[in-house]
Amino acid sequence: MKKYGLIFIMSLLVCVTMKAQECERYIEVTGTSEMEVVPDEIHLLIQIKEYWKEEFVPNSKPEDYKTKVLLEWIEKDLRRVLSRAGISDEAIRVQEIGDYWRQKGKEFLIGKQLDIRFTDFEKINAVIKKIDTKGIESMRIGELKHKDLPNYRKQGKIEALKAAREKASYLVEAMGQKLGEVIRIVEPASSYVSPYSLYQAQSNVSMGTAATEQYRVIKLRYEMTARFAIE
């Protein structure tokens, strides 16, 4: 009797497990959303550096370099151009200053990087056209911001979740089934694309309107994974 009782209990457990597995019918999908946001705050990073006037004399050689253009003169001229474009001193921040290399037999050429805050790209283009590029080591677009970015992030996640439900719905319907209620929602690691991680420094020759065109928006991308029951 004990043997038959044990067999009966084991059979009952197997039956219950099979029924539970039959009830756990679901589909799990990942939805994505992408959007582009026009920034309301743009940071232009300009690296200025001292130079020798003789560098720009045709056929001159390094041994002929002797007239240094000081950093304070270069910065003064740059700030004058910025002021005329409506950029206040409060919008200009010094990020770093110094140099790590000296040409043999010559004095150090001191450099400085300025982080300049703009509100639109048209002013950036206007400034680039006016500055004296002789003292400019490099220019590049830095961080892009928008005051409503948290709301855009929220909207992006909601749209990704809607996309997940739509995907699950048509996949289940293709199998002649009906989509049920949501079982769980998982937010993967953020796939937000940093707008400034993709930028590369632009030389004082190539930086211009065309160079800034491709960096006019903040690109956002989100993923949401959802599990839905199958009725």
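A residue is called buried when its relative accessible area is under 20%, exposed when this area is over 50%, and partly exposed in between, as judged with a 1.4 Å probe and protein chains only. The structure is a predicted model, in which local features need pLDDT of at least 70 and side-chain atom pairs count only at pLDDT 80 or more, whereas totals for chains, interfaces and linings use all residues. Residues are numbered from 1 along each chain as its sequence is written, and side-chain values use heavy atoms, with hydrogens and water left out.

Helices (H or I, at least four residues) and strands (E, at least two) are taken as DSSP runs and numbered from the N terminus, and two strands are said to pair if DSSP finds at least two bridges between them. Strand β6 (111-118) is joined to strand β2 (residues 41-49) by eight bridges in an antiparallel arrangement, with leucine 44 standing opposite isoleucine 116 of β6. Strand β6 also pairs with β5 in the antiparallel sense, over six bridges, and here isoleucine 97 stands opposite lysine 112. Because seven of the eight residues of β6 are buried, this strand is largely enclosed by the rest of the structure.

Side chains of opposite charge can pair when their charged atoms come close. With a salt bridge defined as a side-chain nitrogen of Lys or Arg within 4 Å of a carboxyl oxygen of Asp or Glu, the count comes to 15 salt bridges. One of them joins glutamate 41 to lysine 145, with the closest N and O atoms 3.9 Å apart; this pair links distant parts of the chain, since glutamate 41 lies in strand β2 and lysine 145 in strand β7 (residues 136-145), 104 residues apart. Glutamate 41 is partly exposed, at a relative accessible area of 22%, and lysine 145, at 33%, also counts as partly exposed. Another salt bridge connects aspartate 115 with arginine 93, the closest N and O atoms being 2.9 Å apart, and it links strand β6 with strand β5 across 22 residues. Aspartate 115 is buried, with a relative accessible area of 5%.

In helix α3 (residues 121-130), the buried residues are Phe121, Ile124, Asn125, Val127 and Ile128. Seen down the axis of α3, these residues fall within an arc of 165° and therefore line one face of the helix, where the arc is that of the directions from the helix axis to the C-beta atoms. On the other side of α3, Glu122, Lys129 and Lys130 are exposed.
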